[in-house]
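These are my notebook entries on one structure. I record what I looked up, entry by entry.

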Amino acid sequence: MNRKLVYYPEPILRQKAHPVRDFTDDLPVLAQEMRRIMKENAGMGLAAPQIGDSRRIIVVEYVPHDPKETAIPFTVLINPEITPTTKKTDVMQEGCLSIPYVEVEIERPTEVLLTAQDLQGNPIQMKAKGLFARILQHEVDHLNGTLILDYETEAHPADKPKTIVWGSTEFTTAIMNTIRHDVNITHILTEPAKPKGRNQVLTPTVAKQYADTLGIPTIEPDDLTDPRLYTYLLSLKPDLMIVAAYGRLIPEKLFTLPQFGTLNVHPSLLPKYRGATPIQAAILNGDSETGVTIMQLAAKFDTGDIVAKVPYKLDGTETYKDLEFELATLGAEMLAAILPKYLRNEIMSMEQDDEEATGTKKITREACWLNLEEPAKINERKVRAYSPDPGAFVILDGEPLKVLQAHIEQGQLVFDQVQKAGKKPMSWKEFLNGYRKPLHFEPYEGILSR
Ligand code: CO
């Protein structure tokens, strides 16, 4: 036997399990298998339907870390029945191995009378209280097809669509901030924390930090194809999902899950500039306008049907950071404006013309290097397109020097603000004061030779 834990929404978890009449030899084997799976998943109880067997069998075992807590020895209970023996109840957070990540506050009686049979069919009768009573009630619920989700109380106003926002950057937070009164943002789904800076400190995304301040729970999956993620999102019953600067391809199974589908806010006038760096591309190409498109998410990157599209004029001085903020603000206003109609199904979406489509590239280290042999115009745009992150740079003394601000004077690129690795930004004048050698800018290979 090599059984596995089954996850919500597997139908077996909703079925009423059958009473055991024959105490056959396979029961002890099944019980040991249940114990193994329960322990592997650090559970305190397990019901047979959770490993795909629809019989009325549960196992319980609790080994506390704290010796002051009461241990519950491994117990197999066949055909268990419980009756509360007190009117007293308490409330506790409960999780369930079949519904990962979900915790629900559940009020239950604190004492129950248990009747059941052991593996040989001998009757068992005992009183249970505290944690033991709670585990028994949870597991017997499983035998009746009841899950912790059924205890969830509606904590949010029902007229606002339950929404999950996907994203990681300031673009995401700007959007959340504007729409959070129009929809009920129940969760943020974001990239996992990454090591950052000199000391490689694990740093959560900007979106997570913002969500924390609002008390909105975050989900940080490594793997979008993990079936547990699907199970979890399904259990949240979102009405709508909004993707804003998430950056990874989202499996169709996930984005088709909400009844109103998934909307994506993309900072360009689609089908122009599909892909990961549309804001940078508009600056690099010296465009006189860009904009924001809201589309329905599709299986291929940025190809979904367009729900709304609004242009934004560029004056040629925008940095990446400024423009990201402006387009996020615009996108958020657009979302707030269209959502009521969208949720009433009153918006006709429009297909994109694939023939008109252009893509954008990932930013490489080499792309950020300022080749001073090239026209000043090109380099000035690079400075703005990559400011402040990842930053355009030149190479001096074999070390990269970030150029955060520059302008063009008589056809020449003039630096205004620079930053050495691990130092604070400083003016170019300040930098020159401390640099008493002739300036010799090296080619890109200079950085590779070190
Ligand atoms: Co459970």
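I began at the end of helix H5, where lysine 237 follows with a positive phi, near 50°. Helices (H or I, at least four residues) and strands (E, at least two) are DSSP runs, numbered from the N terminus. The model is predicted: local features need pLDDT of at least 70 and side-chain atom pairs count only at pLDDT 80 or more, while totals for chains, interfaces and linings use all residues. Residues are numbered from 1 along each chain as its sequence is written, and side-chain values use heavy atoms, with hydrogens and water left out.

**Helix H5**

At the N-terminal end of H5 I found a cap: a side-chain oxygen of aspartate 226 lies 2.9 Å from the backbone nitrogen of arginine 228. Within H5 (residues 227-236), I noted Leu229, Thr231, Tyr232, Leu233, Ser235 and Leu236 as buried; buried means under 20% relative accessible area, exposed over 50%, partly exposed in between (1.4 Å probe, protein chains only). The cover over these buried residues includes strand E8 (162-166), strand E9 (184-189), E12 and helix H6 (252-255).

**The seven-stranded sheet**

I then traced an open sheet with mixed pairing, in the order E12-E9-E8-E13-E14-E15-E16. Two strands pair if DSSP finds at least two bridges between them. Strand E12 (218-219) and strand E16 (306-313) are at the edges with a single partner strand each, so one side of each has no neighbour in the sheet. Strand E14 (residues 262-266) pairs with strand E15 (residues 289-296) in the antiparallel sense, over four bridges. I looked up valine 265 and found isoleucine 294 in E15 as its bridge partner.

**Nonpolar cores**

Which residues touch the most other members of the largest nonpolar core? Leu263, Ile294 and Leu335 do, in a core of 62 residues. Such a core is a set of buried Ala, Val, Leu, Ile, Met, Phe, Trp, Tyr and Cys residues joined through side-chain atoms within 4.5 Å. Helix H8 (residues 320-343) contributes the most to this core, eleven residues. Apart from it I recorded another core, of 18 residues, including Ile58, Tyr62, Ile124 and Ile135.

Beyond its neighbours within four places in sequence, leucine 263 has contacts that include Val243, Ile294, Leu335 and Tyr342; contact means heavy atoms within 4.5 Å.

**The cobalt site**

For the cobalt ion I listed the protein donors Cys96 (SG), His138 (NE2) and His142 (NE2), at 2.1 to 2.2 Å. Donors are N, O and S atoms within 2.8 Å of the metal (3.2 Å for Na, K and Ca); water is not among the atoms, so sites may look incomplete. Along the chain the donors follow the spacing C-x41-H-x3-H. Cysteine 96 is in the loop between strand E4 (89-94) and strand E5 (104-109), and histidine 142 is in helix H2 (residues 130-143), so the pair ties together parts 46 residues apart in sequence. Cysteine 96 is buried, at 9% relative accessible area, and histidine 142 is buried at 2%.

**Aromatic pairs**

Rings of Phe, Tyr and Trp (its six-membered ring) pair if their centres lie within 6.5 Å; planes under 30 degrees apart count as stacked, over 60 as edge-to-face and the rest as tilted. By this rule I counted seven aromatic pairs. The ring centres of phenylalanine 393 and tyrosine 444 are 6.4 Å apart with planes at 45°, so this pair is tilted. Both phenylalanine 393 and tyrosine 444 are buried. Phenylalanine 415 and tryptophan 428 have ring centres 4.9 Å apart and planes at 75°, so they are edge-to-face. I also noted one aromatic cluster formed by Phe415, Trp428, Phe431, Tyr435 and Phe441.

Definitions and conventions:
A polar contact is a pair of N or O atoms within 3.5 Å; within protein, one must be able to donate a hydrogen and the other to accept it, and residues adjacent in sequence count only if both atoms are side-chain atoms.
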